[in-house]
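Work through the following exercises with the sequence and the structure side by side. Try each task before you read its solution.

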Amino acid sequence: MSRVLPVGSRVPSPILLDSEGRRVALGELLASGRTLLYFYPRAHTPHCTRQACNLRDHAKELVPWEVRIVGVSGDSPERLASFLRRHGLPFLLLSDRGGAAARAFGLPVFLGLVKRVSFLIEDGVIVWRDLHPRVGEQAQDLLRMLEARRRFPAPPADDSQREGERENPDPSAGPWPTAG
């Protein structure tokens with residue numbers, strides 16, 4: 001799955017339908033805040049139900065992290081509405097009938113079924129991806145990753161410095177010695 005959008009990519013903005021048949025521009029939906037965007041093959045199937053119910057059962061644990069959940073599949077809006085009602089899912093499900101969103105994210109689609117993959121998106125940028133999410137542990141894996149990011153934040157990006165170089169903390173002491 002080397003085609004899958006890498007971390008650091010801006011999210012694409014295909015138009016999808018929600019469970020009520022309303023149009024949703026994915027890029028606009030994901031432009032602000034933190035969202036777990038998960039692609040799954042088909043509603044009402046054993047693994048997809050287990051994954052959705054795992055996220056439902058742990059949704060309250062995601063509230064302090066301000067993570068909203070959005071699921072995407074090739075299912076019709078009617079099937080999504082049925083899936084939401086039957087399992088009491090407290091999050092948005094979107095219909096990607098033509099596979100436009102899956103293809104925009106670089107995911108394989110076969111016979112209308114998309115590969116199961118998850119992305120954490122912050123302010124329209126992919127910050128983490130799970131190419132092989134565990135259906136019964138999706139929420140727990142996400143929570144572990146969020147905790148790890150909190151404990152070990154990435155250093156700020158600074159394009160003015162080359163990799164491996166650091167700024168001299170005391171410029172008045174002159175330049176740092178260099179090897180060579």
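**Exercise 1. Find which residues Trp128 touches, leaving aside those up to four places away in sequence, and decide whether Trp128 is buried or exposed.**

Step 1: with contact taken as heavy atoms within 4.5 Å, Trp128 touches Val7, Ser118, Phe119, Leu120, Leu142 and Met145.
Step 2: Trp128 is found in strand β9, residues 125–130, where helices (H or I, at least four residues) and strands (E, at least two) are DSSP runs numbered from the N terminus.
Step 3: Trp128 has a relative accessibility of 17% and therefore counts as buried, since buried means under 20% relative accessible area, exposed over 50% and partly exposed in between, with a 1.4 Å probe and protein chains only.
Step 4: Gly8 lies 120 residues from Trp128 in sequence, yet their C-alpha atoms are 8.4 Å apart in space.

Before going on, note that this is a predicted model, in which local features need pLDDT of at least 70 and side-chain atom pairs count only at pLDDT 80 or more, while totals for chains, interfaces and linings use all residues. Residues are numbered from 1 along each chain as its sequence is written, and side-chain values use heavy atoms, with hydrogens and water left out.

**Exercise 2. Describe the largest nonpolar core and state which element gives the most to it.**

Step 1: a nonpolar core is a set of buried Ala, Val, Leu, Ile, Met, Phe, Trp, Tyr and Cys residues joined through side-chain atoms within 4.5 Å.
Step 2: the largest one has 24 residues, and those with the most contacts inside it are Tyr38, Tyr40, Phe91, Leu93, Leu142 and Leu146.
Step 3: at least two residues come from each of β3 (34–39), α2 (46–57), β4 (67–73), α4 (77–87) and α6 (138–151).
Step 4: α6 gives the most to this core, with five residues.

**Exercise 3. Classify the ring pair of Tyr38 and Phe91.**

Step 1: rings of Phe, Tyr and Trp (its six-membered ring) pair if their centres lie within 6.5 Å, and planes under 30 degrees apart count as stacked, over 60 as edge-to-face and the rest as tilted.
Step 2: the centres of the Tyr38 and Phe91 rings are 6.2 Å apart and the planes stand at 75 degrees, so the pair is edge-to-face.
Step 3: Tyr38 lies in strand β3 and Phe91 in the loop between α4 and β5, 53 residues apart.
Step 4: Tyr38 is buried with a relative accessible area of 0%, and Phe91, at 9%, also counts as buried.
Step 5: ring pairs link Tyr38, Tyr40, Phe83 and Phe91 into a cluster.
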